[in-house]
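Let us walk through a protein model step by step. Keep the structure in view and find each residue as it comes up.

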Amino acid sequence: MSRNDPVLQPLRVNNLLLRNRIYSTGHAPSGYLDGGAPGPRYALYHEEKAKGGIALTIIGGSSNVAPDSANVFDQIDAGDDAVLPFYRSISERVHEHGAAVMLQVTHLGRRSKWDIDRWLPAVGPSAVRERAHRSFPKEIERFDIDRIVKAYGAAARRAREGGLDGIEIAAMAGHLIDQFWSPRTNHRDDEFGGSLENRLRFGRLVLEEVRRQVGTDFVVGLRIPGDEGVRGGLDAADCLDIATAMADTGALDFLSVIHGAGNTDRELSDVIPVFGRPLGADVSVAGAIRKAVDLPVFHAGRIADLPTARYAIDAGHADMVGMTRAHIADPHIVAKLIAGEEDRIRPCVGATYCASRVETFCLHNPATGREAVIPQLVTPGADTKRVVVIGGGPAGLEAARVCAERGHDVTLLEAASQLGGQVLLAARTPRHAEKAGIVHWLAQEVRRLKVTVALNHFAEPEDVLALRPDVVVVATGGLPNTSVVESGEELITTTWDVLGGTPRPGRRVLVYDDHGGEQALTAAERLAAAGARVELVTPDRMVGTEVTGTIYPDYLRALYASGAVLTPDHELRSVRRENGALVTTLANVYSDAVVERTVDEVVVEHGTLPVDDLYGRLRAGSRNLGETDLVALTEGRPQTTVTHADGDYQLFRIGDAVAHRNIHAAILDARRLCMAL
């Protein structure tokens, strides 16, 4: 690490000195509110980033300034003085560790919902519906404009009174201010519509009111598009005009520039790009505006690692670089950089699990969002145990890593020739390749901690017992479950076969998804990319029903581009061989109407069944007969269950060796269990 590293250089914004160039953008972590208000969990999440060395964390993504901007995705209510104690608490926590904290405020306009929260109609510059959030807005009236402008100012004043360092006003991705800017959503013929000067009027009024209520020495920024990149949207020239006009008001201390719009799920996926897309692809969009304005420019958009952050700063595209999802994966990025441990930063692999669930969690860091129970850093234990872990997938690797961090003597037995488990299968598809970073990081940490690893070792009970363990952790995973048909199961292949093999072009393949996750979509994408003619069938009312947020648009884009056929609402009844092909029987789950498809291959995704034979054979010799105290597990306490006093070891199983779930659940099992051993 060099102190000349561009990401470690300080930056002054108004009267605020930021200690480096890395920040976390405004976002609303789902599920973190306590009774509708931010509390300790929310504060701990942001405090951890401050501990980890970040310069600035922006809380309260899309915090609402007025009652007709509804709580659509767990935003902070910035329109009520009741929030002041929280502001004071989080500002003290973050400042204690040398970081700054700001608040993002907004009115959602037509992006709001009418049937939640206070059940008020959404408003917009014009009565134009927004598909992503589905409201039909009322055309905003002048008294609404006056009310909302004052609400912005009051929200800014509360941020100052609460000890925060500044605010960022959201005017991108379809919020009310940029709804006024865009001809797609502003069809007015009064002083707020028509010419660009008129369309900018609402935003100018907001900035004037904010400055009137907070003064000149409080940081105020504006988050804007640099190019919406969609048909009929604001293009780069439009956005440059808007940026320079807003900068020329003299009311701003920084501009935060993004790429993309937010009117549809597809557009939102461009604002929050996921795995398979290039890192830092849109930094030049910010750079174009940085050249035109005399203000610091912030930028975020798949800046998942420090080399990309350095490039953005060194090349003059941005002054501050947002690494939000990267800090969800590892909130100690800057601390590790300063300590000379950049190679130990847990990677963000772009899975965007964090933005696709009811609760915000990282796919492979179970501590984020659970800081009150699971510390980000594993602490040493009081004594040393001999721990044997069976299985080198994500669950087994995390178990071995955490036990070794605790100071235990750890041996990991893996039947395959390499560590990583089924994660490596998905990563064979080019768009998913970076997901291998999950297990590569774990394997690197396991090697660093000097865990004894035995590959090509199919463990038998005698192998485990020969190591005289105090604790045995079974992480043997699962195998595909194909029991979904009335007949013809022997003719079925699995998504594992597809991901592990080399698909042949020209074949007719029916992929049956009775799961709803990414597995079948990934297999279908791999088949289609190889030139197969794919039909993806599911009994659910839509394909990939559990794949939400900004992830599914890229799957659908790839499948539609390849000509894949998507067939919801049908279950697979049977498969039979006929004239050298396979004939499948499908039944509509609502009408019971039966249809047949003739194909060359039938691929099924129906989760996995536990590989638990070794666990069963080890139970009798264990002190706890394999029992896990679930309350102790969820509370992060040691396992003390003893049901067989003559047993020689504690025995536990984790991950898919218990039941089919996902990577996050497997790693969470391991972390909660092993951090208390």
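**A helix and its neighbours**

Some terms come first. Helices (H or I, at least four residues) and strands (E, at least two) are DSSP runs, numbered from the N terminus. Buried means under 20% relative accessible area, exposed means over 50%, and partly exposed lies in between (1.4 Å probe, protein chains only). Contact means heavy atoms within 4.5 Å.

The model is predicted, so local features need pLDDT of at least 70 and side-chain atom pairs count only at pLDDT 80 or more, while totals for chains, interfaces and linings use all residues. Residues are numbered from 1 along each chain as its sequence is written, and side-chain values use heavy atoms, with hydrogens and water left out.

Which residues of α15 are buried? They are G437, I438, V439, W441, L442, A443, E445 and V446. Now check the length of α15. The expected span of a helix is 1.5 Å times one less than its number of residues. Helix α15 covers residues 437–448, and its 12 residues should therefore span 16 Å. Its end C-alpha atoms are 16 Å apart, which agrees. After α15 comes K450, with a positive phi near 60°.

Helix α3 can be read in the same way. It runs over residues 142–161 and has 20 residues. From first C-alpha to last, α3 reaches 29 Å, close to the 28 Å expected at 1.5 Å a residue. The buried residues of α3 include I145, I148, V149, Y152 and R158. Just after α3, G163 takes a positive phi of about 85°.

Now look at S62. It is not a glycine, yet its phi is positive, about 60°. S62 sits in strand β6 (residues 56–64). Is S62 buried or exposed? It is buried, because its relative accessible area is 7%.

R468 is not a glycine either, and has a positive phi of about 50°. Look for R468 in the loop between α16 (461–465) and β18 (471–474). R468 has a relative accessible area of 56%, so it is exposed.

Q104 belongs to strand β7 (residues 100–106). Its relative accessible area is 1%, so Q104 is buried. The side chain of Q104 reaches the backbone nitrogen of S62 at 2.7 Å. A polar contact of 2.8 Å also joins the side chains of Q104 and E168. A polar contact is a pair of N or O atoms within 3.5 Å; within protein, one must be able to donate a hydrogen and the other to accept it, and residues adjacent in sequence count only if both atoms are side-chain atoms. Leave out residues up to four places away in sequence, and Q104 still touches a list of others, among them G26, I58, S63, M172 and R223.

S69 lies in the loop between β6 and α2 (84–96). With a relative accessible area of 1%, S69 is buried. Its side chain makes a polar contact of 2.7 Å with the side chain of N64. Neighbours within four places in sequence aside, S69 is in contact with N64, T106, H107, L108 and S112.

**Empty space**

Rolling a probe the size of a water molecule over the atoms shows where empty space is left. On a 1 Å grid over the protein atoms alone, a cavity is a set of points where a 1.4 Å probe fits but cannot get out. A pocket is an open set with protein on both sides within 12 Å along at least five of seven lines, and lining residues have an atom within 4 Å of a point. Grid points are joined across faces, edges and corners, and a volume is the space filled by probe spheres set on the points.

How many cavities of 30 Å³ or more does a search of the whole structure find? It finds four. The largest cavity has a volume of about 100 Å³. It is lined by 14 residues, and C348, A351, T352, C362 and L363 lie nearest its centre.

The second largest pocket holds about 380 Å³ of space. Its lining has 16 residues, with R131, R184, R231, T264 and E267 nearest the centre.
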